[in-house]
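Hi everyone, thanks for coming. I have one structure to walk you through today, so let me put it up on the screen.

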Number of protein chains: 2
Amino acid sequence: MAVRINAMAVTFVAHALAVIAAIMVLVWSISYRGGLAWEATNKNLIFNLHPVLMLIGFIILGGEAIISYKSLPLEKPVKKLIHLILHAIALALGIFGICAAFKNHNESHIPNLYSLHSWIGIGVISLYGFQWVYSFIVFFFPGGSTNLKSGLLPWHAMLGLFVYILAVGNAALGFLEKLTFLENGGLDKYGSEAFLINFTAIITILFGAFVVLTASAESPSPSPSVSNDDSVDFSYSAI
Amino acid sequence: MAVRINAMAVTFVAHALAVIAAIMVLVWSISYRGGLAWEATNKNLIFNLHPVLMLIGFIILGGEAIISYKSLPLEKPVKKLIHLILHAIALALGIFGICAAFKNHNESHIPNLYSLHSWIGIGVISLYGFQWVYSFIVFFFPGGSTNLKSGLLPWHAMLGLFVYILAVGNAALGFLEKLTFLENGGLDKYGSEAFLINFTAIITILFGAFVVLTASAESPSPSPSVSNDDSVDFSYSAI
């Protein structure tokens with residue numbers, strides 16, 4: 001009972017939200033928070049890598065990877081490769097982003113892993129890695145049997161969306177946690193930076209919603225199936 | 001491409017998680033935070049109504065309403081009535097819970113509606129109300145045409161799950177925000193209360209995940225269609 005809309009059209013909304021969210025997090029971390037650096041005496045510059053890498057690297061690239069099957073007018077094997085590579089880049093940038101948070105904490109003598117945001121973050125990146133590895137083995141190389149692939153695909157899609165929704169939710173947790181710290185430090189609760197952070201979180205949630213809507217919507221037209229190796233059409237049409 | 005599992009079995013996991021989450025939020029608000037009260041000189045007792053009503057009233061009852069079609073071995077018209085009534089109770093308790101938060105803020109001279117949690121909360125309760133009203137009109141009384149019902153059902157289910165996922169995510173935001181305030185006030189970041197709050201949030205997220213999984217899973221056996229008024233089988237099998 002998937003909703004019937006033109007998935008390709010929905011992906012344009014998702015792309016637009018992604019660009020807006022990326023600009024907002026860069027404006028926040030550079031114009032308001034002083035910029036980005038891996039090595040710095042001002043440890044906040046190290047922290048600033050975290051929201052930028054998690055949002056642009058993990059959430060946005062991960063979302064684009066999920067909708068790649070429906071956003072790209074290409075042959076399925078090509079889309080499959082893009083799906084796999086984009087997720088790999090998202091995973092790598094996500095890990096890098098988490099390392100930046102640990103580096104900031106350690107060099108600022110802030111305790112680690114006490115908040116709900118950090119617990120869910122470790123859970124999400126682990127599940128994302130697990131999802132990437134078994135999917136590579138089953139759907140890419142060495143590749144499982146056709147039965148295994150078709151039986152596993154709904155679970156691949158369901159777990160993928162579950163982990164992605166968790167990631168988007170956790171981004172919202174991260175924005176709220178950071179803003180709560182800043183406001184406890186005196187930042188104006190109704191000031192421009194507070195509004196920028198809240199709206200960045202809302203745009204991120206909307207981006208995530210359109211990614212999930214795209215994945216759940218009827219695909220306009222399944223890609224033409226190709227050589228026998230990929231005779232079964234794995235372009236998921238709807239969850 | 002819905003996952004094929006026995007939805008009824010999944011609902012038992014959801015029910016168990018609901019009971020655990022309810023116990024945890026009551027232990028937190030009563031044993032740790034001093035109890036619940038609508039009128040009190042200790043304004044924290046008024047605040048404590050908020051997490052209890054939102055989790056037990058809104059999230060849990062709302063989740064049970066969503067899975068009622070698959071968790072109850074009853075005729076469809078009866079399940080439809082339970083679905084509608086449970087959602088109405090969840091909406092009412094949610095509004096009551098939000099009023100408790102405003103009452104606490106006003107009587108404690110805390111500013112309102114500056115946090116991401118409050119913005120999303122107002123959005124969620126508004127969308128939930130909108131969803132309930134149009135659904136009552138179309139699916140219950142006076143009732144839309146069969147075409148309208150069948151055309152609208154996928155959107156009803158999709159919007160319903162979107163609002164519900166937002167509600168669960170917002171509950172996690174609320175737990176994290178409150179814990180961040182408490183820790184800024186000196187609460188031990190690795191103490192039992194901090195762990196209780198974090199795990200209550202995680203159990204709530206798991207409950208939400210099993211509600212969505214139930215709604216997305218194949219229903220074991222569609223209820224027998226009944227009199228001509230309800231000849232079309234609206235027991236959603238899968239999203």
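How far apart do the end C-alpha atoms of residues 82-102 of chain A lie? They are 30 Å apart, and that span is 100% helix and 0% strand. Helices here are DSSP runs of H or I with at least four residues, strands are runs of E with at least two, and both are numbered from the N terminus.

Before going on, a word on what you are looking at. This is a predicted model, where local features need pLDDT of at least 70 and side-chain atom pairs count only at pLDDT 80 or more, while totals for chains, interfaces and linings use all residues. Residues are numbered from 1 along each chain as its sequence is written, chains are lettered from A and ligands numbered from 1 in the order in which they are written, and side-chain values use heavy atoms, leaving out hydrogens and water.

Now the record. UniProt lists "transmembrane region" at residues 8-28, 46-66, 82-102, 120-140, 156-176 and 194-214 of chain A. Its annotation "domain: Cytochrome b561" covers residues 13-216 of chain A. UniProt positions follow the numbering used here, feature names are shortened, and annotations may be inferred rather than shown by experiment. In the model, residues 13-216 of chain A are 83% helix and 0% strand, with end C-alpha atoms 15 Å apart. Residues 120-140 of chain A are 95% helix and 0% strand, and there the end C-alpha atoms are 28 Å apart.

On to the two copies.

How do they meet? In chain A, 43 residues are in contact with 43 residues of chain B, contact meaning heavy atoms within 4.5 Å. Of the interface residues of chain A, 100% are also interface residues in chain B, so the copies meet through the same surface. Chain A and chain B bury about 3,900 Å² between them, 80% of it on carbon and sulfur atoms; that is the accessible area (1.4 Å probe) that two parts lose on being put together, summed over both. Helix H4 (116-139), helix H5 (146-184) and helix H6 (192-216) of chain A each supply at least two residues of the side that touches chain B. H5(A) gives the most, with 16 residues.

What about salt bridges, meaning a side-chain nitrogen of Lys or Arg within 4 Å of a carboxyl oxygen of Asp or Glu? Across the interface of chain A and chain B there are zero, while the count over all chains is eight. One salt bridge joins the side chains of Arg33(A) and Glu193(A), at 2.7 Å, N to O. Arg33(A) lies in the loop between helix H1 (7-32) and helix H2 (43-71) of chain A and Glu193(A) in helix H6 of chain A, so the pair ties together parts that are 160 residues apart in sequence.

Last, some backbone details. Most residues other than glycine have a negative phi, and most peptide bonds are trans. The peptide bond from Phe141(A) to Pro142(A) is cis, with omega near 5°, and Pro142(A) sits in the loop between H4 and H5 of chain A. In chain B, a cis peptide bond joins Phe141(B) and Pro142(B), with omega about 0°. His109(A), not a glycine, has a positive phi of about 55°.
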